[in-house]
Amino acid sequence: WNSVSAINLDGHGIASVLDICFLHDTLLMSATNASPVSPVFAAVWMSTDGGVNWHYANSGMDDVGNGFAVVGDDAFVVSATVRKWNREFGEWDSSCTGLIGNMSAMCVFRDTLYAAGDSGVFRSVDRGHLWTRIPISGKRFSAIAVRSSHIAVVSDSAVFQSTDDGATWTIDSTSPWIRTTNCIALTDTS
């Protein structure tokens, strides 16, 4: 790996990168600043030259959450709710019809978006216009992964898994790392 550029956030470097993804030739990154004196904040940055130069792209948001998702020509970010990049106005628009509470994670499988947060797990099959709640007991989900009809989400006390698109769930509350997990992935075991 090579560092392609230094990014300056509010006069300071990056403390941590929260997520990074491509939208065609545009690189999107959410990161926190590394200031020892100013308050820590997170922001979205964009690069159209492979990471050599970056510009602030947080317009329309107060904060940044735990992930990006790309569906076709549309980019989405979790920022308390789910927001969609509006190329015409150069800002993130709310994309939350049907979402309840604060979202903390999202992912995409094929053209379906999934979001998880403090009020449950949600799905959108129309590029973020309308969201429906997936029935699940538990609250405050911090991570989500989807592969075909298999959905996995992490709460502060368990990993919940469904292999039937959210109709039924199994719970694993024995893993010692659950309380600190904010990322989960599913692999193909076939």
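How many bridges join strand S6 to strand S7, and which way do the two strands run? Point 3 takes this up.

1. **Basis.** This is a predicted model, in which local features need pLDDT of at least 70, side-chain atom pairs count only at pLDDT 80 or more, and totals for chains, interfaces and linings use all residues. Residues are numbered from 1 along each chain as its sequence is written, and side-chain values use heavy atoms, with hydrogens and water left out.

2. **Overall make-up.** The protein has 0 helices and 16 strands. Both are DSSP runs numbered from the N terminus: helices are H or I with at least four residues, strands are E with at least two. Of the 190 residues, 46% count as buried. Buried means under 20% relative accessible area, exposed over 50%, and partly exposed in between (1.4 Å probe, protein chains only). The protein exposes about 10000 Å², and carbon and sulfur atoms supply 51% of that area. Accessible areas come from the Shrake-Rupley method with a 1.4 Å probe; for residues, only the protein chains shown count as cover. Contact means heavy atoms within 4.5 Å. Among contacts with a separation of 6 or more, 37% link residues 24 or more positions apart.

3. **Open sheet S5 to S8.** Four strands form an open antiparallel sheet in the order S5-S6-S7-S8. Strand S5 (68-71) and strand S8 (91-94) stand at the edges; each has a single partner strand, so one side of each lacks a neighbour in the sheet. The twist averages 35° from one strand to the next. Its axes are lines fitted to C-alpha atoms (for helices, over the stretch in contact), and angles run from 0 to 180 degrees between N-to-C directions. On the opening question: 4 bridges join S6 (residues 74-79) to S7 (residues 81-86), and the two run antiparallel. Strands pair if DSSP finds at least two bridges between them. Phe76 has Lys84 in S7 as its bridge partner. Phe76 of S6 is also the bridge partner of Ala69. S5 and S6 are antiparallel too, with 4 bridges. They form a hairpin with 2 residues between them, and Gly72 in the turn has a positive phi of about 60°.

4. **Hairpin S9 and S10.** Here 6 bridges join two antiparallel strands. Phe109 has Thr112 in S10 as its bridge partner. The hairpin has 2 residues between the strands, and Arg110 takes a positive phi near 55°. Of the 7 residues of S9, 5 are buried, so S9 is largely enclosed by the rest of the structure.

5. **Nonpolar core.** The largest nonpolar core has 16 residues; Tyr114, Val121, Ile144, Ile151 and Val153 touch the most other members. Such a core is a set of buried Ala, Val, Leu, Ile, Met, Phe, Trp, Tyr and Cys residues joined through side-chain atoms within 4.5 Å. S9 (103-109), S10 (112-117), S13 (143-147) and S14 (150-154) each supply at least two residues of this core. The largest share, 3 residues, comes from S9. Beyond four places in sequence, Tyr114 contacts include Phe109, Phe122, Trp131, Ile144 and Ile151, as well as Arg123 and Asp165.

6. **Cysteines.** The disulfide count is 0, on the criterion of a pair of cysteine sulfur atoms within 2.5 Å. Cys21 is buried at 15% relative accessible area. Cys107 is buried at 12%.

7. **Val44.** Val44 lies in strand S3 (residues 42-47). Val44 is buried, with a relative accessible area of 0%. The C-alpha atoms of Val44 and Met29 are separated by 5.5 Å, though the residues are 15 apart along the chain.
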